[in-house]
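Reader: I have a model open and would like to learn how to read its features. Please start with the strands.

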Amino acid sequence: ALGQLGPVRAAYWVSDAGLLVYFGGAALEQRRIVWMSREGRPLGEAVPPDRFGSLALSPDGQQVVLERTVRETRGATAREDIWLWTFDAKRMTKLTFDNQRDLFPIWSPDSRIAFVSDRVDGIPQIYRKDASGAGDEERLTDDPNRKITMDWSRDGRYLLYRQMSRQTGMDLWAMPLAGPTARKPFPL
């Protein structure tokens, strides 16, 4: 989940096993992602410091998907993409490769990543990609409203997201991903 409090932003994810990963604070060049004990004591670095945004812990707790900002080697241009960190291998793998911003990754129970990108029309839409990195991204939404991914239902049947509408403001929506109503979102 992602919280916004003025200029301060906090992102956190809790796995079914009870693991918590989070970051908080104003925009920083280098953010630290650390393991914490249940008593609130730091247990060590989970990921080397970098320019991170939203994150989501894998259902098995072995990986974390996150938005990472990398500066282009020729100039000051920075671009957010979706990256995957594998804890045991201590390896960072890039999952998205387009020239636009890819943000707010969330992890499905069946190892797919949903995220938001403004790559086609400048309006943040929801995309889905296999967590293995195989295959292309699949665009799931296409209406004219801005979106922010929030979570998956535990059974993986619904994708939850916030949508900004001029008429109603920021609303919570659910998108069925299977069955007769697949890809027909409804407001919650």
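Author: Two strands pair if DSSP finds at least two bridges between them. Strands (E, at least two residues) are DSSP runs, numbered from the N terminus. This is a predicted model, in which local features need pLDDT of at least 70, side-chain atom pairs count only at pLDDT 80 or more, and totals for chains, interfaces and linings use all residues. Residues are numbered from 1 along each chain as its sequence is written, and side-chain values use heavy atoms, with hydrogens and water left out.

Reader: In which order do the four strands of the open sheet stand?

Author: The order is S14-S15-S16-S17, with antiparallel pairing. Strand S14 (146-152) and strand S17 (186-187) each have a single partner strand, so one side of each lacks a neighbour in the sheet. S14 pairs with strand S15 (residues 158-165) over six bridges. Trp152 has Leu159 in S15 as its bridge partner.

Reader: Is Thr86 buried or exposed?

Author: Buried means under 20% relative accessible area, exposed over 50%, and partly exposed in between (1.4 Å probe, protein chains only). Thr86, in strand S8 (residues 78-86), is buried at 14%. Contact means heavy atoms within 4.5 Å. Neighbours within four places in sequence aside, Thr86 contacts Gln62, Gln63 and Arg91.
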